[in-house]
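Open the model in your viewer and keep the sequence panel beside it. This tour tells you what to select, stop by stop.

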Amino acid sequence: MPAGAVVQAQHPQQQQQQQQPMRWSQLVLGTGVLALAGYAVHTIVTPYVAGFWRTWQASARESREAAAKAAADAEKAAAEMRDATRSLAAASEGVADMMRAVKDAQEWRCGGSCVEGEGRWGWRCGQVQHAGVVGGAGVDAWSRASAGSG
């Protein structure tokens, strides 16, 4: 008998064997294996995932808090800069008012003949060189110089 014939003869025998029905013991064993696998996943993977979730939440919270703090610091710095700008503007206006007062006082004392840009304080009139500012010791020196007592 040829070798091919033997193989053909055995093949119909395999087809004749039917699949055996599922036994209850196999079903219970399979369910137990699935339950054990689920429990293992739950005990091993769940803490890892929970730890990752908590870490991610903490990181997100810290970044939100840092962004809020940076925004608050920027707002505080902007408010301080606005206050400093207002103070500087007020001081500049005060200096400008004082310079106008000095100029007006010098023009009044000299009869309007003061020339800007010469002299010790930046002013010179035709007769007297100004020695100071209005309200200070320079006014007394100017008064003495104009009266001839200086």
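**Start with the whole chain**

Select everything. Of the contacts between residues at least 6 apart in sequence, 20% join residues at least 24 apart; contact means heavy atoms within 4.5 Å. This is a predicted model, where local features need pLDDT of at least 70, side-chain atom pairs count only at pLDDT 80 or more, and totals for chains, interfaces and linings use all residues. Residues are numbered from 1 along each chain as its sequence is written, and side-chain values use heavy atoms, with hydrogens and water left out.

Now show the cartoon. The protein has three helices and two strands, in the order α-α-β-β-α. Helices (H or I, at least four residues) and strands (E, at least two) are DSSP runs, numbered from the N terminus.

**Colour by confidence**

pLDDT is the predictor's confidence in each residue, from 0 to 100. Its mean here is 76, and 59% of residues reach 70 or more. Select α2: confidence is highest there, at a mean of 92. Then select helix α3 (residues 137-147), where confidence is lowest, at a mean of 49. Next, pick residues 127-140, where pLDDT stays under 50. Where pLDDT is low, the predicted coordinates should not be read in detail.

**Finish on helix α2**

Select Val49, which lies in helix α2 (residues 24-110).
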